[in-house]
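These are my notebook entries on one model. I went through it topic by topic and wrote down what I looked up.

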Amino acid sequence: MTGTPRSAGRGTPWHMLRIGLAARRGSTGSGTRWMALMFATAALCLAFTALVAVCAGYAGTWERTGARSPERVTDGRATALARYLLKHDTLDDARSYTVAFVEPVNAAAPPPPGLSSWPSPGQAVLSPALLKAGAPQHIAERYGELAGTIGPQGLASPSERFAYVRPAHTMRGMTEARPIHGFGAAPEWGNGDFTNQRPIWNLILTVCGFLLLPAAACVVLAARIGADERDRRTALVAALGALPSHRRLIVIGEAITPVALGAVVGVLPAAVGCLIDVPVPFVDFTLYAPDLRARALWFAVLAVLSVVVMLTAVTALHRHRRPGAATRPRASRPALARFACWACPLFLLAASYGPGLAPSPTLRVLFQVVGTLGGFITLPSLIAAACKAAGSALVELSRRWGGPAALVSGRWMMASPANTARLVCAVVIAIGLTGEAQLWMSRMAEPVRQATAVHAVVGESVLKVISPKRITPEFAQSLPERAVLLSLKESKGAIEITGTCADLKAVSLPCRSTTAASVQDADERLHYALGRDTEITTTAVTRTSAHTSGAALVLSRGGSALDVSGIKQTANRTLAPGTDVRTLGADWISGGMVLRDQSRWLLFFGLLGTCVLALGFALNTQAEFLRQGRAAAPLAVLCGRRKVFYGLSGWNLLAPLLASGATGVLVYSWLAGPLVADGYAHTSPTLMSVGLGVSAALGLGLWGFGGTSAARVSSRWRPNGD
């Protein structure tokens, strides 16, 4: 009979699926393949749902920010119902947050979203995140009496820092306080976290590059695990007359259980996020449950899609080799491999030392980028050569020590260095690329670096006060006893400094009215506050009520730190609404903190992708180890014990993973040299510790699992003439 009859029976597809389900049991390494299929599907489903979560988060932020954005009154076309003034403030961590000063002028004015009613004069309503972060600085008292917290529908995200303040003093007549008709307009710049968000495509590309691509690599690796045994099974069922569709059903039946379970595991974080607000690790951001709940159907569809993609990959990558097809492995290119081994250190040296020798910023960046990419491209050849050399050294050492596990492992490394090199390269390159992305994102602009340097010198001993109206006597009298108050006013190209004799002398200024002179002889802190080349004049007054300008400096006597939180509270109580009180360089430092916070998304997805890639390649290496371990089963008889397989697992799984984590951190630190040296960037201890910790934990887990599995396989071995 040359073919399968068409009337083979309606149950044939189900028979093929059951054959696939039964084929998994009893095959060598079936547990590893089962875990690899489940993990790859879970990683793929997680990447898909992460993309939807990003879109849901951005859409929710846009919607809620627009709902609370003021509808301006223009040209008298609408009735003014309230006054609105938007300002920004910071906590001790230099992170900026938005303060909206509001004042209803009509009883029909609806309160902002998230507020059940308008606060009374002198009251404030804060977001829960701002209350929690500012508790050590008494943020609840900074703007007056606390009237409650903002509801979630009035915040861009549950982790947003935001405040509504109704000042004790009316905002009537203030040009900065604009009349509004209500709330609900296009999101405006400066309104909360919406200002600090990068375009959505930035985060989508981050998810695709750092999570979706590693998940796709795991899909390919998992689909090819155990290919030898499946090739033999496919040849058998083909000889029995199975059609290609039957062979595909057998493969699907073998993979359907772990794939379905992996989809459930992968969609589980999204399901939890639909029920409760979930904080994102390493990132000061919380996913809002209603945003994800609105996309629940998408999560279910993507879970099914991940199953379809995984089963498609399993069947597509399982090609039946035609009888008579060549099985001899193709020869490698030794000349190209030798060139790559020599080129890799040169590329890494160019990336580290080249930027310091380049004459222009463009060439410095070019050296860094070309050296880094060239080093990563040629790194696999160098690591393969290192694995082969390490195997040879291990063989020589084992001959002296008489260790069978080290001897066999060394021989395996010498014969197939690519197996170990793939595992090591995956972890090293993942840590290196994540580190490079984190370094470039953490680079601060020149003004941010200068502001940070100024803050490191003067600290919190100088505050700059800018008020829409003049500095009041109440503010001056409420300052701490050791505080110096100097009002500033620009006059004829110079800055006029006004203060009492005691305050002027405290900062090395003359106690008299002077003509324009340099600030060089004054207190060093004035150099940073006003500029070294600024010309100043001084005016001595006898009463604090003589301060008539809206700008001032508050300095401490002796350079000690001021009570910044207390002075801000005093300013909000005694000065006009919207008064700004900041340390020197706070605006630039806050901008740098925004860049650092944004770089944490790269760190989060980079670490997640590194873990996914490391575990995927580790499972693939373990499957190869178990395949070789089956051939080494007679060692248990020759050695008289099965502990030899734990030694084999240690040398083939644990040692490479430990080495890969250490090498990845070393490469990351080496490439960070030119970026950190000029003070524009900083390394991430979190990335280094997590890279080392994940590699060690993964190595220990696979060492125990691999040794136990190989020992179990050896217990079933019987001599059969091989």
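**Entry 1: helix H9**

I started with H9, which bends by about 40° at Ala 351, with a proline, Pro 355, following within four residues. The bend at a residue is the angle between axes fitted to the seven residues ending there and the seven starting there. Helices (H or I, at least four residues) and strands (E, at least two) are DSSP runs, numbered from the N terminus.

The model is a predicted one, so I took local features only at pLDDT of at least 70 and side-chain atom pairs only at pLDDT 80 or more, while totals for chains, interfaces and linings use all residues. Residues are numbered from 1 along each chain as its sequence is written, and side-chain values use heavy atoms, with hydrogens and water left out.

I then checked the length of H9. Its 24 residues (334-357) should span 34 Å at 1.5 Å a residue, and the end C-alpha atoms are 33 Å apart, which agrees. The expected span is 1.5 Å times one less than the number of residues.

Which residues of H9 are buried? I listed Ala 340, Cys 341, Ala 343, Cys 344, Leu 348, Ala 351, Ser 352, Gly 354 and Pro 355. Buried means under 20% relative accessible area, exposed over 50%, and partly exposed in between (1.4 Å probe, protein chains only). An α-helix has 3.6 residues a turn, so residues three or four places apart point the same way. The buried residues of H9 pack against helix H10 (361-401) and helix H20 (644-677).

**Entry 2: whole chain and confidence**

I counted 21 helices and 16 strands in the protein chain. Of its 722 residues, 49% count as buried. Among contacts with a separation of 6 or more, 79% join residues 24 or more positions apart; contact means heavy atoms within 4.5 Å.

The chain averages a pLDDT of 82, and 84% of the residues score at least 70. pLDDT is the predictor's confidence in each residue, from 0 to 100. Over residues 1-10 the pLDDT stays under 50, and the model has three contacts for them beyond four places in sequence. Residues 323-331 also have a pLDDT below 50, with one contact in the model beyond near neighbours in sequence. Where pLDDT is low, the predicted coordinates should not be read in detail.

Helix H12 (residues 417-442) has 26 residues and reaches 37 Å from its first C-alpha to its last, close to the 38 Å expected. I noted it as mostly covered, with 21 of its 26 residues buried.

I looked up Thr 621 next, in helix H18 (residues 586-631). Thr 621 counts as buried because its relative accessible area is 9%. Its contacts, leaving aside neighbours within four places in sequence, are Asn 419, Leu 423, Asn 652 and Leu 653.

**Entry 3: rings**

How many aromatic pairs does the structure hold? I found eight. Rings of Phe, Tyr and Trp (its six-membered ring) pair if their centres lie within 6.5 Å; planes under 30 degrees apart count as stacked, over 60 as edge-to-face and the rest as tilted. Phe 604 and Phe 605 make an edge-to-face pair, 5.0 Å centre to centre with 65° between the planes. Phe 604 is buried at 15% relative accessible area, and Phe 605 is buried at 5%. Ring pairs link Phe 285, Trp 601, Phe 604 and Phe 605 into a cluster.

The charged end of Arg 68 sits over the ring of Phe 162, 4.1 Å from its centre. The criterion is NZ of Lys or CZ of Arg within 6 Å of the ring centre and within 35 degrees of the ring normal.

**Entry 4: Ala 263**

Ala 263 lies in helix H6 (residues 244-275) and is buried, with a relative accessible area of 5%. Ala 263 and Phe 39 are 224 residues apart along the chain, yet their C-alpha atoms are separated by 9.0 Å. Not counting residues up to four places away in sequence, I found Ala 263 touching Thr 41, Cys 45, Ala 303, Ser 306 and Val 307.

**Entry 5: positive phi**

Ala 94 is not a glycine but has a positive phi of about 70°. I placed Ala 94 in the loop between strand E2 (82-90) and strand E3 (96-104). Ala 94 is buried at 17% relative accessible area.

His 138, also not a glycine, has a positive phi of about 55°. It lies in the loop between helix H3 (128-133) and strand E5 (145-149). Is His 138 buried or partly exposed? His 138 is partly exposed, since its relative accessible area is 48%.
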